[in-house]
Amino acid sequence: MVKNKIVFVFLLVTAVFQLSHNTKAQRRLSDYQSFATWLEITASQKLAKNWSAQLDFQYRRRSYWSGEEKGIQNPLILPVQMVFRPWIHSHHVEKFRFSVSPLGYWRNSNVEPNGNIRISQELRTSFQAVYVLGKKAKFNQRLRYEFRFRSGDVVSESSSFGLAGADFPISPQVSRIRYQVKWQKHFYRAGEKLPWYFAAGNELFLSLGKKIKDGDRLDQNRLAIGLGREVRKGLKLEIGYLNHWVTRKSDPQMNHCFTLNIILENAGELFHGDTGGGD
């Protein structure tokens, strides 16, 4: 009961804060809404008793903005982002998981009115701690700190992959704190645990650094609900809806995202018999 109250209060306070923040935005939020598709594949592998490794791949596309002539239509028509991010996890403390991502790669695409794609690239180092409570219903809290090294823009006539033209700074331009709460519960029938489960959560982003304007420090918020299924031992599929609210005054936007997550636990053993305990 206490955990549910914590989640409810956090989501309520976040929503009220966002609403008051965005009413003063320089751009009209109603003109910058889209439908989007977010694909994520997460592969983890147990390395030792208290250690594991993980690799995240993310790919995102969206429709045109609601304020553009073509309006909201196809959620797959425009490229948005591609991510590769490795993790090393420590499980030495009960109920806690401490992690570091030494260097992840982000590739962002912004389609200009003339059809050209302006590419910006980013290298990111991240540290995080996850606190997990519960058995039948799991309640997670995650705190992540990111150092972001962003390159200059590269104009391209295509969305081809590459680092050509990238100029990364030596020191991070900005850093960011992310705080997430997530609740997950399996379905039961006649006391028997079913492979289906429900998940809901919220994540708040706060940008730091001298170059960040005061109106842009509250960076974004992600409110998500979804349904998952354990397809087999070591393989899970999750689908859902994610409300991606960019709360920056200089660049407010809202993306209504269809999400598909493929989760591989102990990926090296998934198709070779016993998959072990997972991550």
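Gln184 is buried, at 18% relative accessible area; buried means under 20%, exposed over 50% and partly exposed in between, with a 1.4 Å probe and protein chains only. Gln184 sits in strand 8, residues 174-189. Strands (E, at least two residues) and helices (H or I, at least four) are DSSP runs numbered from the N terminus. Leaving aside residues up to four places away in sequence, Gln184 touches Lys136, Ala137, Lys138, Tyr197, Phe198, Ala199 and Glu238. Contact here means heavy atoms within 4.5 Å.

The model is predicted: local features need pLDDT of at least 70, side-chain atom pairs count only at pLDDT 80 or more, and totals for chains, interfaces and linings use all residues. Residues are numbered from 1 along each chain as its sequence is written, and side-chain values use heavy atoms, with hydrogens and water left out.

The chain contains 1 helix and 12 strands. Their order along the sequence is α-β-β-β-β-β-β-β-β-β-β-β-β. Of the 279 residues, 39% are buried. Among contacts with a separation of 6 or more, 58% join residues 24 or more positions apart. Accessible areas come from the Shrake-Rupley method with a 1.4 Å probe; for residues, only the protein chains shown count as cover.

Phe198, one of the residues touched by Gln184, lies in strand 9. Phe198 counts as partly exposed, at 30% relative accessibility. Phe198 also belongs to a nonpolar surface patch of about 760 Å². Two or more patch residues come from each of strand 9 (192-208), strand 10 (218-232), strand 11 (235-246) and strand 12 (253-265). Patches are made of residues with over 30% relative accessible area and no salt bridge; nonpolar side chains (Val, Leu, Ile, Met, Phe, Trp, Tyr) are joined within 5 Å, and like charges within 9 Å.

The whole structure holds 13 salt bridges. A salt bridge is a side-chain nitrogen of Lys or Arg within 4 Å of a carboxyl oxygen of Asp or Glu. Glu203 and Arg142 form one of them, with the closest N and O atoms 2.9 Å apart. Glu203 lies in strand 9 and Arg142 in strand 6 (residues 137-150), so this pair ties together parts 61 residues apart in sequence. Both Glu203 and Arg142 are buried. Salt bridges with shared partners join Glu122, Arg124, Arg142, Glu146, Arg148, Arg176, Arg178, Glu203, Asp219, Arg248 and Asp251 into one network.

Asp56 and Arg85 form a further salt bridge, at 3.4 Å between the closest N and O atoms. This pair links distant parts of the chain: Asp56 is in strand 2 (residues 51-62) and Arg85 in strand 3 (residues 78-90), 29 residues apart. Both residues, Asp56 and Arg85, are buried. Arg28 and Asp31 also meet through their side chains in a salt bridge, at 2.8 Å from N to O. Arg28 is exposed, at 55% relative accessibility. Asp31 is partly exposed, at 22%.

Strand 2 also holds Tyr59. Tyr59 is partly exposed, with a relative accessible area of 28%. Beyond residues up to four places away in sequence, Tyr59 touches Thr37, Trp38, Leu39, Gln81 and Met82. Tyr59 and Met82 are 23 residues apart along the chain, yet their C-alpha atoms are separated by 4.6 Å.
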